[in-house]
Amino acid sequence: MSTSMLLMIAVLGVVLLLLMVIKAKIQPFVALLVVSLLVALASGIPTGEVMKVMTAGMGGVLGSVTIIIGLGAMLGRMIEHSGGAESLAQRFSQALGPKRTIAALTLAAFILGIPVFFDVGFIILAPIIYGFAKVAKVSPLKFGLPMAGVMLTVHVALPPHPGPVAAAGLLNADIGWLTIIGLGICIPVGVIGYFAAKYLNRKAYPLSIEVLEQLQLAAPEPAAEGRAPLSDRINPPGAGLVAALIVIPIAIIMLGTVSATLLQPGSALRDALTLLGSPAVALMIALMLAFYFLALRRGWSLQHAGDVMGAALPTAAVVILVTGAGGVFGKVLVESGVGKALAEVLTTIGLPLVPAAFIISLALRASQGSATVAILTTGGLLSEAVSGLNHLQLVLVTLATCFGGLGLSHVNDSGFWIVTRYLGLSVADGLKTWTVLTTLLGLSGFLFTWLLWLMV
């Protein structure tokens, strides 16, 4: 099939998806599956392979996020139901003042995002976003949008995340210099993202029913005679305990990441710490600690504690299914050859190297959804074009590729659905906020990179 036809099918598929979700109000999970099926058939994927591709797309995404989303939702529900999120938010707001809270949390998200994958870190921080939103009586978007933006920025641009590490290998860029220069660029980009999110948050966006329910203050449940209340908001857990329950899984994940880098492959200690530092195991440890400190020590019955954790799963299931369907759409676009066709068109235009790296990566990101795939594909396409460059130039080409993978997060990106579902945004409002913010962040990173290229 011709390149122009493949590109036309991809564009029509995205337009149809937007019409189905925004205009026809079809549930995104169903709309994504229908459009994925139509695009697969129209692009020439054999009928016998269509369902295999769709299943692989669903499994590829859900295999990595289902356990994390489920455990993260239960941990968040325990913290929220006990009143812990509000307790931490009130303590934090009193210490910092309301005007500095968002900036401080954005800085914390920036630091957290360096060792922790974007989706894992955002899911862990979701209950804190809700807690601060309750205390401040504002939309969780006020806190969540800048935090998600800076976390995704460091995810695509800094080691040890897979995109920049793999791109550095393909382009022979030095990891150390990539980390130093990338961090130097990510800091001003994060500042720009903070103010851009603040500007986008001038408008009050309507929230989904699920998020509005999360933000409601539940009344304390009656307790049996002689026992502590089952939902004791009168005496919530201390801010230090809640902070520890959030920091512990993050610290464990960081330990696993550092050990995988510093210890020798095959080492028993390395293998043990890597297993311990996997997000699923880290979250299970945090959930067991929450079960003891927030439930058993505060007088909850085993039945009630189980019910509280179980109540988190219906909301988590919606996020999981929509995220998986986003993975299906992205997989179909990859298998159809849309991304490859678009990259070939852009490479024939004859752009300068750094803008070409950014534009090709950005186009691949927009066409198939995955930032990591966009970065890796671009790195492979440019692997021969970078021969003869010095070590700093190689790093800058790598960073231009990475920042291209940051922008244009939209309906074919599973991360788009995670952010919009957790923050309660409709698809249209997600495009107006999250897609715009990621694109501004990507452009800012590219401009700083190109300026350094011109100076070098």
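This is a predicted model: local features need pLDDT of at least 70, side-chain atom pairs count only at pLDDT 80 or more; totals for chains, interfaces and linings use all residues.
1. Let's begin with how the chain meets itself.

2. Next, the overall make-up. The secondary structure of the protein chain consists of 21 helices and zero strands. The chain has 456 residues, and 53% of them count as buried.

3. Helix α1 (residues 3-23) and helix α2 (residues 28-42) have axes that come within 9 Å and cross at roughly 160°. The two are therefore roughly antiparallel to each other, and α1 passes α2 in a right-handed crossing. On the α1 side you will find Ile 9, Gly 13, Leu 16, Leu 17, Met 20 and Val 21. They meet a set of α2 residues that includes Pro 28, Ala 31, Leu 32, Val 35 and Leu 38. Sorted by class, the contact of α1 with α2 has 13 nonpolar residues, one polar and no charged.

4. Now compare that with a second pair of helices. Helix α9 (residues 175-200) packs against helix α19 (residues 391-404) at an angle of about 50°, and their axes are 10 Å apart. That angle makes α9 oblique to α19. The crossing of α9 and α19 is right-handed. From α9, the contact takes in Trp 177, Leu 178, Ile 181, Gly 182, Ile 185 and Cys 186. From α19, the residues include His 391, Leu 392, Val 395, Leu 396 and Phe 403. By class, the contact of α9 with α19 divides into 10 nonpolar, three polar and no charged residues.

5. The third pair brings yet another arrangement. Helices α6 and α20 pack at an angle of about 5°, with 11 Å between their axes. That makes α6 roughly parallel to α20. Phe 118, Asp 119, Phe 122, Ile 123, Ala 126, Ile 129 and Tyr 130 of α6 make the contact with Ile 418, Val 419, Tyr 422 and Leu 423 of α20. The contact of α6 with α20 has 10 nonpolar residues, no polar ones and one charged.

6. The structure holds nine aromatic pairs. One of them is formed by Phe 122 and Tyr 422, an edge-to-face pair with 6.2 Å from centre to centre and 85° between the planes. Phe 122 lies in helix α6 (residues 118-136) and Tyr 422 in helix α20 (residues 414-423), so this pair ties together parts that are 300 residues apart in sequence. Phe 122 counts as buried because its relative accessibility is 1%. Tyr 422 counts as buried too, at 10% relative accessibility. Both rings belong to one aromatic cluster, made up of Phe 118, Phe 122, Tyr 422 and Trp 434.

7. Is Asp 429 buried or exposed? With a relative accessible area of 7%, Asp 429 is buried. Setting aside its neighbours within four places in sequence, Asp 429 is in contact with Tyr 205 and Pro 206. The C-alpha atoms of Asp 429 and Leu 207 are separated by 9.7 Å, although these residues are 222 residues apart along the chain.

8. Finally, two loop residues to check in the backbone. Most residues other than glycine have a negative phi. Asn 172 has a positive phi, near 60°, and is a residue other than glycine. You will find Asn 172 in the loop between α8 (162-171) and α9, where Asn 172 is exposed, with a relative accessible area of 59%. Leu 408 is not a glycine either, yet has a positive phi of about 55°. Leu 408 is found in the loop between α19 and α20 and counts as partly exposed, at 28% relative accessibility.

Technical notes. Residues are numbered from 1 along each chain as its sequence is written. Side-chain values use heavy atoms; hydrogens and water are left out. Axes are lines fitted to C-alpha atoms, for helices over the stretch in contact, and angles run from 0 to 180 degrees between N-to-C directions. Helices (H or I, at least four residues) and strands (E, at least two) are DSSP runs, numbered from the N terminus. Angles under 35 degrees count as roughly parallel, over 145 as roughly antiparallel, 65 to 115 as roughly perpendicular and the rest as oblique. A crossing is left-handed if the near helix is turned anticlockwise from the far one by less than a right angle, and right-handed if clockwise. Contact means heavy atoms within 4.5 Å. Ala, Val, Leu, Ile, Met, Phe, Trp, Tyr, Cys and Pro count as nonpolar, Asp, Glu, Lys and Arg as charged, and the others, Gly among them, as polar. Rings of Phe, Tyr and Trp (its six-membered ring) pair if their centres lie within 6.5 Å; planes under 30 degrees apart count as stacked, over 60 as edge-to-face and the rest as tilted. Buried means under 20% relative accessible area, exposed over 50%, partly exposed in between (1.4 Å probe, protein chains only).
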